[in-house]
Amino acid sequence: MGDPKLPRKVWRKPKRPLNYDLKMEELRTLGSFGLRTKRELWKAHTELSRVRNQARSLLALRQEIRAEREPILMRSLTRIGLVSEDATLDDVLNLQVTDLLARRLQTIVWKKLGFNSPYQARQAVVHGHILLGDRIVSIPSYVVRSDEESTIRINPASTLAVAAKTKQ
């Protein structure tokens, strides 16, 4: 039956892990988004693969069934900010892993709050200095919804906010 804490693996390794070009591309992506391990990148690849697979299966359905199921997928992707309101399934198939990584809390905090690097933003998130609405979110891989993006701020009770006030 398995351990209830670990229901299934949420990532797949690349088929050819020793491919030099793939390794260089992975390292470039790791550095530009401040990921801790390649496993975080592989999780994003797997999630994107799942979404693209859903879009491909919708394209294969009959028109009346597709008309029922397509808005559900598009609404969920619009809510997290991956596609726009008037997007089509072709836009979903054109998504890249960088689009998904750009919706992570760590990346949005880095760009919105003006941290020096994505690694510094990750540290602020992990240490509980970031508020999302009224709650502290300490998970850097949290996918931020479009409506939550405007509520991201530094926790006023954290030492980071106190240091920023004394710096001014």
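In this predicted model, Glu47 and Arg50 sit three residues apart in helix H2, which means that about one helical turn separates them. Their side chains meet in a salt bridge, with 2.4 Å from N to O. Both partners are partly exposed: Glu47 has a relative accessibility of 31%, and Arg50 comes in at 41%.

That pair is one of 11 salt bridges in the structure. As a general point, side chains of opposite charge can pair when their charged atoms come close. Another bridge joins Arg62 and Glu64, at 2.8 Å from N to O. Here Arg62 counts as exposed, at 55% relative accessibility, while Glu64 is partly exposed at 48%. Then there is the bridge between Glu70 and Arg66, at 3.2 Å from N to O. These two are four residues apart in helix H3, so about one helical turn lies between them. With the cut-off for buried set at under 20%, Glu70 makes it at 18% and Arg66 at 19%. Elsewhere, salt bridges link Arg135, Arg145, Asp147 and Glu148 into a network.

Helix H3 itself has 17 residues and spans 24 Å from its first C-alpha to its last, close to the 24 Å expected. Along the way there is a kink of about 30 degrees at Arg69, shortly before the proline Pro71. Besides Arg66 and Glu70, the buried residues of H3 include Leu73, Met74, Leu77 and Thr78. H2 and H4 are among the elements that cover them. Just past the end of H3, Gly81 takes a positive phi of about 85 degrees.

Looking at Val92 up close, and leaving aside residues up to four places away in sequence, its contacts are Val51, Arg52, Ala55, Met74, Leu77 and Val83.

Just after H7, Gly128 takes a positive phi of about 80 degrees.

Notes: Residues are numbered from 1 along each chain as its sequence is written. This is a predicted model: local features need pLDDT of at least 70, side-chain atom pairs count only at pLDDT 80 or more; totals for chains, interfaces and linings use all residues. Side-chain values use heavy atoms; hydrogens and water are left out. Contact means heavy atoms within 4.5 Å. The expected span of a helix is 1.5 Å times one less than its number of residues. The bend at a residue is the angle between axes fitted to the seven residues ending there and the seven starting there. Buried means under 20% relative accessible area, exposed over 50%, partly exposed in between (1.4 Å probe, protein chains only). A salt bridge is a side-chain nitrogen of Lys or Arg within 4 Å of a carboxyl oxygen of Asp or Glu.
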